[in-house]
Amino acid sequence: MILISITFLVHVNGVILSEIIPSKLGPSQRYDSTLAYSEISSSIFIFGGKNTEFLDDLWSYSLKTNTWNILYPSSQVPGKKYIEKRSKALSFCRKVPEEFCIYGGLGQKSVLNDLWCFSLKNYVWNQEYTENNPPFMIKFSKIHYKNTAHNYMAVAGLDIFTYSLRFFMYVIFRLDIESFIWEEIPLDLSGMGIEFNLIRFSIIQEMDKIIIPVISSNSTLQAIIEYDINMKSQNVKSLDLTFNQTGFYDFICGAFFQNNLFMVSEIGEVTKIDIKQDRFYIQNLEKLVTSYSKSSCTCFTHICYIFAGQSKDGLHNFLNKIDFSSEIKSIQKTLAINYLSPRSRFNHKMEVINGDFWLFGGTDGTNFFDDLWRYNPRKDIWIEIKKKGHYPTPRHSFSSTASGDLLVIWGGQDKNSLKNDFFIYNANTNLWTEIPTISQQIPSKRKNACITLSLPEAYIYGGTDTKGTLSDLWKFNFLNNTYTKMYDLEIITQPICFQYFTYMMIFGIEKMIEMDFNFKTYEISKISRPADSLIISLHDFYVVVGGRIENKALNTVSSLKLENEKKFIIEDYPYMAAGVYYNKTIYVFGGGYTTPSFSVLPYLPMPRFIKIGIEDFCYNDTCNLRCGKGFSGKSKECKLCPEGFFAYYEFSDYCMSCSSGFYMSNQGGSSDRQCLLCPEGTFSDDFGSKHCKICPPEKYCPIGSIIPLPRNQTSKFIPPQAEFFESFTSNPSSKTSNLLFLVYFLIFLLIISTKLKEKIKNFDLYSRSHALEEGEYIKIQKSTTGGFFTLIFLFIFSLILLYFIHESLYSNIETHKTLIPRMFIEEDINPIVSDIKIDFYLKDYYDRCGDSNPKDQLSIKEFGCGMFINSVHKGLKGKTDLECQKLDGQICHIWFKCENCTSEINSYVQVYSDEGINAAKGIIVNVTAESKVFGPVASNFSFMLYPSYYRKSGFITMSQTSFHVVNMHDNIEGSEFSVENYYQGMRIIINVHLTKSLYGIISDHSFKITPIIIVCIGIGAVSAVFSVVGMFMNAFENARSKKLSIKVTNKEFSSILNRNVELFEEFQGNDYTRHKSFRTERLSENMSLTSGRSFTASC
């Protein structure tokens, strides 16, 4: 529905006061209320009805000013006469005395037939006791009329008793408003052939007659009953006519004009009845009124007023007027538009987030509220937000503040007690979150404190608890959810706080405090501020709105902390209200009620929603007027930052853009924390993006992607392996064996060297076992071959020796473990000292993972964590260290080490990251205590440390002590946020809880085979190896001797042949040379064969 523009303006000295709704805030949406017209004041009165509950509020709508006003009884104090909440009541207005009266209706538990009148002079409800009361009626209609000197109210209806018996009896009762005596008027409908449970009727006055049209939907017989008031006679007119009306809806009111009856049904259809002398004519007119079912109506002369009702879209609260005086067509006019808004309240709060107003909580003096509303000032629309998550209890007098997308609620008072709990609402996700604390010392439960937010910290000051007014200042750290008490300051009543970076301003009634957190100093100065007033920060100065002095409300707007102080008058008296500053305008909602004499009724709410334009506040002055949160510009034209951009309130000259890899879907951003990381599967390569682009199918986009990555760069998790675990499970002799093999290989290379061959002889252990010719005597001699085979023997001997040592010390040991209370075994044993290592693996971590030192500085450690990844621990004593390393697959490896560590009964280690993105898709932890590892277990971690003790066994002593680590229970997920619920300033926090058990593990060790037997087996094995190596040496020497013998024989024979050739050449000529060469070659071949056979034979 298009809303009506502002019409009520007051311009006074640079301040413009205007009602956001021209008719002011009116009754809440409802149905089955009752309406009455007052001829004296030209007003419409509306009472009660029902929405989610029965109502008992009284409102008036002035037809002169076209405004709503709520009428509270002045007897709200104890002793007030009780008027039951109800719907479907009948009402009328008296002239003398001027009163609004209601009769009967449906109460919360029963049907009512009592009469109450509200004095419009004294604002008091009084019950009027009547005589000859009519029976309870379930379907009825009424008319208020005046005859001679008496005022009457006539009621026609269906007796509830006969209705329940299915014997329908319609009756008319008339109440003399002067004497309050009921009189029954006979109504004879017998013989008409009408089924009375399906008829519609109304009651209308025309001069001295009461006209009752009786319309039937299931019969063709319709009737008009005319009752002459003076003659007390009845005349019935009938008509054989089918009445075609949509559905079965009762008439709710009617008017008489120029021999025509106009009856309005509860869905807005108008039936016109043209009355003739003897007969009448019925006509269904077009649907003239924008009305709904269960609407309320009252008529005066030829005009009817209709108040809202119920539709498929919900409840409504508009007020329409329909005028039947036109001969051509009835005229409809909307007096008050349908306007959904929060219920009237006080001691609530309202903040600006993303260019919208967010209103929460408060009270109306009877009920406590926990509803959250969002108001769009550009469209003038309120929307109630459905509650999600862990939300606060209904409360009032709490403290609140906003930063970025976050609304913070702390403390206050609910129906049970004062509170000191902490809640955050994220406007991006529409999710409430309760913030727990791990601190032992926390602020007391209180109300009316003030709070500021400068992430990652919040500051809470003062308030009132059960002991009185407080003056303590607390700091809450969101990174570890801890409170810290900072100072006990001066007592300030009704404090209102503001913070700019490291400065905090606390305004009270008579004084203010200026804090400097950098220098840890504060100053106190005197001010004069009305109680229950609003303070609006304009950064350079402050504006105070309304308030009260004792029992008188104020209608002033004044400056504070301005060189030339200013004060203006407005035509409203706000106090105990909530207000925000937006686009050089102050918006005020709710607050306490003010009587016409400007006296305050602090326990009654005022239905107020106004705005105060202060655009000319700094006219002819040196002050600068800022535009408000989410706006750019100061004294010039204000511009709301579009999606993807934000403007700090402190630096609002222009809107700044979100970086690449981030987006902001809302306009009116006021902080870079509202720039959200692009979720996984999307990217943003532009500045100031209002949404992220979808990642191409062939690419991969992690959280916060600027550009898509190739698929081969996706993160693949590498399961962690503990160093202590590897060293414990691997063969302890394997590394030594590899080292020995390398040493002997180098020795082999040295053997090849000619210069060292003679020195190898000195290692010969086989000097008595060298190979000999047959018939030779055994001789003791050392040779190079013997030295080489000796080295081979020594190498094999070393391997055998290591094997037997391993078998005797490790594989030959069997362990028996016993779990017994530590108190029985620690009397004579020193405390457990062990090296403890905890490995943290953050999967899909796209930040730096430490190493954040400036480029021109060298890191102190090879794997430094820098200044943004840190740890805290409690209960562990020893040398601690924290290191970080970025692994392949975008994994951040953080390890905490405690050397020579002792543990208390309960201890914990916390690791947290404050880097830029602070996003990881998985957490894995390994806990290592010396040589024992258990894990990995994902997320929040709790482990049990069992002290382990080793006893002596045989001649081997195992004096080592350590911890046996066991996971205690299912781990609790923590430090997890969706991208939409993530904002800068949040941490990745990992807690590891270590609990030392009251029991210890005793490990008894013994040998499976005694060491003497192992030594004997070893000696036999070494002897066998020595003999086998000697056999291989003899075979090698024999083969080598044969090869050398053949080589010497061939050399000597070749020498003889060459000498013969030389002799022949001396005695013969050149012609004989070729013949000689041929024969020499043939002779050489023969001699070689002969020599080979001869050598073989000799062997």
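The chain has seven helices and 75 strands, where helices (H or I, at least four residues) and strands (E, at least two) are DSSP runs, numbered from the N terminus. This is a predicted model, in which local features need pLDDT of at least 70, side-chain atom pairs count only at pLDDT 80 or more, and totals for chains, interfaces and linings use all residues. Residues are numbered from 1 along each chain as its sequence is written, and side-chain values use heavy atoms, with hydrogens and water left out.

**The chain overall**

- Of its 1099 residues, 50% count as buried; buried means under 20% relative accessible area, exposed over 50%, and partly exposed in between (1.4 Å probe, protein chains only).
- If you take the contacts (heavy atoms within 4.5 Å) between residues at least 6 apart in sequence, 55% of them join residues at least 24 apart.

**A four-strand sheet**

- Four strands make an open sheet in the order E37-E38-E39-E40, with antiparallel pairing; two strands pair if DSSP finds at least two bridges between them.
- At the edges sit strand E37 (450-454) and strand E40 (482-488), each pairing on one side only.
- On average, neighbouring strands of this sheet are turned by 20 degrees against each other, direction ignored; the axes are lines fitted to C-alpha atoms, for helices over the stretch in contact, and angles run from 0 to 180 degrees between N-to-C directions.
- E37 pairs with strand E38 (residues 457-465) in the antiparallel sense, over five bridges.
- Look across from Cys450 and you'll find Tyr461 in E38.

**Lys419**

- Lys419 belongs to strand E35 (residues 418-426).
- This lysine counts as buried, with a relative accessibility of 19%.
- Leaving aside residues up to four places away in sequence, Lys419 touches Thr393, Arg395, Gly411, Gly412, Asp414, Lys445 and Arg446.

**Ile524**

- Strand E44 (residues 521-526) is where you'll find Ile524.
- Its relative accessible area is 38%, so Ile524 is partly exposed.
- Ile524 and Ile513 lie eleven residues apart in sequence, with 4.6 Å between their C-alpha atoms.
- Ile513 is also one of the residues that Ile524 touches, along with Glu490, Lys511 and Met512, again not counting residues up to four places away in sequence.
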